[in-house]
Amino acid sequence: LSDHNKHSWDGKRYHSLSYHLKQKFGQKVFKIPLDAGFTCPNRDGTLSRDGCYYCSARGSGDFAGTRTLSIGNQFEQLKSIMHRKWKKGVYIAYFQAFTNTYAPVDHLRSVYEQALQQPGVVGLAVSTRPDCLPPEVLDLLAEINQRTYLWVELGLQTIHARTSRLVNLQYEFADFSQSLVELQARSIDTVAHLILGLPGEGDQDMMASAQVVTDMPIQGLKIHLLHVMQETPLAQMYYRGNVNLLSQEHYVKLVADIIEHTPADIVIHRLTGDSPRDILIGPRWSLNKWEVLNNIDNELLARNTWQGKKAGSQRVTNIMRS
Ligand code: SF4
């Protein structure tokens with residue numbers, strides 16, 4: 001076998017989510033992004049009213065369903081859009097917008113159950129802040145994890161406290177570490193989010209975040225490009241000259257570096273971010289998502305590298321999982 005064949009996930013040089021889901025379910029799996037009407041402690045005044053400075057008015061759920069519709073109606077609407085392109089498949093209900101564990105536990109239970117009851121749903125994905133997993137919510141998630149496929153996404157973004165303060169995340173790396181321990185103790189698959197291009201961060205800072213996180217017992221990684229969107233505090237910083245936008249070439253190089261340092265068993269959920277065309281200030285090159293993904297593939301090919309090629313042996317394996 002050539003190196004490429006030995007390190008290929010359906011022809012890709014990284015362990016993609018679509019590969020992972022196809023292996024697990026044996027068919028096309030659609031993620032249905034839902035907006036259950038949650039808010040966020042970083043927006044409702046509990047921690048601040050400004051939000052993370054890059055967060056759009058829709059709480060980073062710009063492609064999610066319409067929050068005024070019921071879960072069932074959002075589901076039907078999004079499903080029919082997806083089936084214009086693909087005929088058959090099953091679904092993962094994806095709670096994406098705002099902080100999807102930030103509500104009384106009975107309400108969370110009711111919302112998650114509504115999603116799980118939709119026909120064809122085979123699992124649940126819940127995206128949240130690292131500081132929003134109190135014990136009763138962890139217990140609910142553990143219970144759901146016993147009977148269906150579940151993953152929880154934690155928006156870490158950076159391990160660096162100075163960046164966290166600069167963009168008003170209102171949580172730090174310690175919150176992420178603690179939540180990860182709790183989730184792993186309950187055998188709940190955990191996906192870490194990182195953002196590349198945050199203000200004040202150089203290549204070494206971004207690589208340090210990636211290195212630290214992929215050495216931890218996570219099951220998935222999501223890499224985003226920092227987007228500057230209209231009507232966000234980040235846009236003000238950008239217009240004052242305090243945000244440098246990454247070039248596509250630079251981003252592709254960084255992503256390839258991260259992929260080769262990421263252990264092969266970690267599922268790569270995303271390598272770019274999506275942002276609505278009408279509110280994106282920059283980088284505008286990111287709107288051409290397929291070009292970015294192709295360039296990442298080409299960079300991996302040109303380097304003859306693949307996910308895990310340079311992964312060290314530092315990784316803490318799943319010793320915390322029972
Ligand atoms: S935690 Fe999420 S929803 Fe809340 S302000 Fe930050 S990006 Fe927006």
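Author: A disulfide here is a pair of cysteine sulfur atoms within 2.5 Å, and a search of the whole structure finds zero of them. This is a predicted model, in which local features need pLDDT of at least 70 and side-chain atom pairs count only at pLDDT 80 or more, while totals for chains, interfaces and linings use all residues. Residues are numbered from 1 along each chain as its sequence is written, and side-chain values use heavy atoms, with hydrogens and water left out.

Reader: Which residues come nearest to the ligand?

Author: Of the eight residues around the ligand, C40, G51, C52, C55 and R129 come nearest, where near requires a heavy atom within 4 Å.

Reader: And C40, is that buried or exposed?

Author: C40 is buried, with a relative accessible area of 9%, and C52 is buried too, at 11%. Buried means under 20% relative accessible area, exposed over 50%, and partly exposed in between, with a 1.4 Å probe and protein chains only.

Reader: Where is A36 found?

Author: A36 is found in the loop between strand 1 (29–34) and helix 3 (71–82); helices (H or I, at least four residues) and strands (E, at least two) are DSSP runs, numbered from the N terminus. A36 is buried, with a relative accessible area of 19%, and its C-alpha atom is separated by 7.2 Å from that of F95, 59 residues apart along the chain.

Reader: Switching to the strands, why is strand 5 largely enclosed?

Author: Seven of the eight residues of strand 5 (residues 189–196) are buried, so strand 5 is largely enclosed by the rest of the structure.

Reader: How many bridges join strand 5 to strand 6?

Author: Six bridges join strand 5 to strand 6 (residues 220–225), and the two run parallel, with V191 standing opposite G220 in strand 6. Strand 4 (residues 149–157) is joined to strand 5 by five bridges, also in parallel, and there V152 stands opposite T190 in strand 5. Two strands pair if DSSP finds at least two bridges between them.

Reader: Last topic, what lines the largest cavity?

Author: Its lining consists of L225, H227, Y251, T272, G273, W285, S286 and V292. A cavity is a set of points, on a 1 Å grid over the protein atoms alone, where a 1.4 Å probe fits but cannot get out, and lining residues have an atom within 4 Å of a point.

Reader: Which classes does that lining have?

Author: The lining of the largest cavity has four nonpolar, four polar and no charged residues.

Methods: On a 1 Å grid over the protein atoms alone, a cavity is a set of points where a 1.4 Å probe fits but cannot get out, and a pocket is an open set with protein on both sides within 12 Å along at least five of seven lines; lining residues have an atom within 4 Å of a point. Ala, Val, Leu, Ile, Met, Phe, Trp, Tyr, Cys and Pro count as nonpolar, Asp, Glu, Lys and Arg as charged, and the others, Gly among them, as polar.
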